[in-house]
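Me: Please take a close look at one part of this model for me. Keep it brisk, and spell out the cut-offs as you go.

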Amino acid sequence: MRDPSVSRYTAGRLSPIRRAADLRRLRDEQFDVLVIGGGVTGAGAAVDAASRGLKVALVEARDLAAGTSSRSSKLIHGGLRYLEQLELHLVHEALTERGLLATRIAPHLVRPVPILVPLPPANPAMRVWQRGYYGLGVAAYDAFAGVFGGGRGMPLHRHLSRDGARHLFPSLRAEKITGAIRYYDGQMDDARLVVNLARTAAAQGAAVVTSAQVTGFLREAREVVGVRVRDLEARGSEEFEVRARTVVAATGVWSDDMSEMLRDVGVRPGLRVRASKGVHLVVPRSAITGEAGLILRTATSVLFVLPWGGHWIIGTTDTDWQLDRAHPAASARDIRYLLDQVNEVLDRPLTTDDIEGVYAGLRPLLSGEADSTSKLSREHAVVEPMLGLLLVAGGKYTTYRVMAADVIDQAVRRLGGEFRASRTDQLPLLGADGYAAAWRDRQDMARRHGVTTGVVEHLLERYGTLTVHLLAMMAADPDLAVPLEGAPEYLAAEVAYAALAEGALHLDDVLTRRTRISIETAHRGAESAEHTARIMGGVLGWDETVRDSEVKHYLARVTAERQSQTMPDDLAADAARVGAPDVRGLAADRRTADLLEADLGSLPNL
Ligand SMILES: Cc1cc2nc3c(=O)[nH]c(=O)nc-3n(C[C@H](O)[C@H](O)[C@H](O)COP(=O)(O)OP(=O)(O)OC[C@H]3O[C@@H](n4cnc5c(N)ncnc54)[C@H](O)[C@@H]3O)c2cc1C
């Protein structure tokens, strides 16, 4: 439980000092629930458990959202496709979550995005049928959200003529459509939402430690009673034991590794997860003229073209992946496939020269239901392969809260005692409280702080009402009020804040997940690396050697990714990508967290 004398914001600050303190707690305390995995499922489970009054720890091997949860299509959606497959319960569940996230839990991070369903050319009878079929589907989608969704949080759909569709999306080839239907779904920055969840868990008293890899389970008789953790930031990556009454593994495509760690006792895993790779391209907004997104049908699945600030996100592919799960690589074939698909409907075809960024993620699919990956169920499962250990996997980002409640319900049943039912449907994340009023008053806020309204809008949409902390930092230090080198849409203050309050420990954490510079710039963050390292180093106490090593690792990663994207297939792309090792776990010459702690007393107390 959080110390009531400490404000919720201070308690939710993932600072270097907090990491040192939480590491100590891991060694010294016994937790009710220890969650493995800082993706959306694990961070959601930590919020759920901590807000019920349980004593919680969350450990993540790399960075928050470093796995699949920073590599999605960034939609909070019911899934029109599931409606077509008549999986109505899934659509209902997801639309309920969409409404909650957009109106109550994270209105600062989840916003409506308009999406067009283009209606292809057909004879008159077919045209009537198409409009009826898709129109009914989209109407049902809205109705589900409105009637059962507990607050839609999205505008209603609208039918458009061919001219209407081309007015909204001039780049659509005229001969490819007879009209369109515009509907809305939620859009979010997936990595930022996870960081916000982890901070909300911390604000509720959870210990949250990244760069903390679980290497094995502690067992007594036939029960799991904790885990062994390796601190990847410490000299020699030392290991220690953490005791917990229940361990929850929310490790996505690494779920099978958890059961593997118990192989010697002959445990049946209960669930198996297979990985399906999804690749997205990022192109500049100027490459396509349109005011809405598109959803296009492909031979095996669907393709989204989604507006993303000054860019478009185009994706995704859906292919089996059995290679490096930490760094799934996009091949030239994946990129060609996406360009071919999108060029079917665009008046000016995109080429590889248009591409600013590429990212690949792995869907954690519960295996066994069907042969083809796109037909496998996205539903989740919770299993208890051994007393004291719960595995939760599958599902999708949108329904993280349902997965979290399910697994913690099971943990609570096991723990016994008087714990509340899940109440995360009532719990706004940090930065959500007072967001509507702050957005309304954004011009006043800009005037008061001597910045432009554009700056305040940018910050509000990324930090919600926590924006005041960034504005205070900028006022205190003019060096933080400047744009970041190589990525002027971001501010230097955001880098400092990421290291100070959002748990960022490495350059990659900031350039890839706290900001999206690694996919939003043609240089992929290379031109921002030095400046970012200087700012981060100021907060984290990096000397020149560490700064240089961070920059070198980041640049090596960019080079390896670029190379992999020229390779003809997965095998070659993977071989090129694994050439650049992770900076985590290589920190032999870094100062330890204890030393940092002694130094950091002078940081602003936000
Ligand atoms: C291409 C693509 C597009 C998608 N688009 C959408 C979308 O638009 N909307 C939507 O709702 N869903 C979408 N999804 C699905 C969604 O992104 C995933 O279901 C979700 O992110 C999975 O989250 P997770 O927390 O279960 O897994 P992850 O995010 O992978 O988290 C698991 C974490 O466990 C950690 N871990 C593993 N082993 C250990 C260990 N030994 N010790 C400590 N930590 C460990 C990993 O480092 C990782 O961070 C998409 C998925 C993909 C691949």
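In which sense do strand β4 (residues 111–119) and β12 pair, and over how many bridges?

Reply: β4 and β12 pair in the parallel sense, over 2 bridges. Two strands count as paired if DSSP finds at least two bridges between them. This is a predicted model, where local features need pLDDT of at least 70, side-chain atom pairs count only at pLDDT 80 or more, and totals for chains, interfaces and linings use all residues. Residues are numbered from 1 along each chain as its sequence is written, and side-chain values use heavy atoms, with hydrogens and water left out.

Start with β12 itself. The strand spans residues 293–297. Strands (E, at least two residues) and helices (H or I, at least four) are DSSP runs, numbered from the N terminus. β12 is mostly covered, with 4 of its 5 residues buried. Buried means under 20% relative accessible area, exposed over 50%, and partly exposed in between (1.4 Å probe, protein chains only).

Now its partners. Strand β13 (residues 302–308) runs antiparallel to β12, joined by 4 bridges. Leu294 turns up again here: its bridge partner in β13 is Val305. β12 and β13 form a hairpin, and 4 residues lie between them.

For context, look at β1 (residues 30–36). β1 is mostly covered too: 6 of its 7 residues are buried. Strand β10 (residues 239–249) runs parallel to β1, with 6 bridges joining the two. Within that pairing, Val33 has Thr246 of β10 as its bridge partner. β1 is also joined to strand β2 (residues 56–59), in parallel, by 4 bridges. There, Ile36 stands opposite Val59 of β2. The chain goes from β1 through helix α3 (residues 40–51) to β2, a right-handed β-α-β crossover. Right-handed means that, with the strands pointing away from the viewer, the path from the first strand over the helix to the second runs clockwise.

Last, a helix pair. Helix α17 (residues 507–514) packs against helix α20 (residues 544–564) at about 45°, with axes 9 Å apart. That makes α17 oblique to α20. Leu507, Asp508, Leu511 and Thr512 of α17 meet Glu550, Val551, Tyr554 and Arg557 of α20. Contact means heavy atoms within 4.5 Å. Axes are lines fitted to C-alpha atoms, for helices over the stretch in contact, and angles run from 0 to 180 degrees between N-to-C directions. Under 35 degrees is roughly parallel, over 145 roughly antiparallel, 65 to 115 roughly perpendicular, and the rest oblique.
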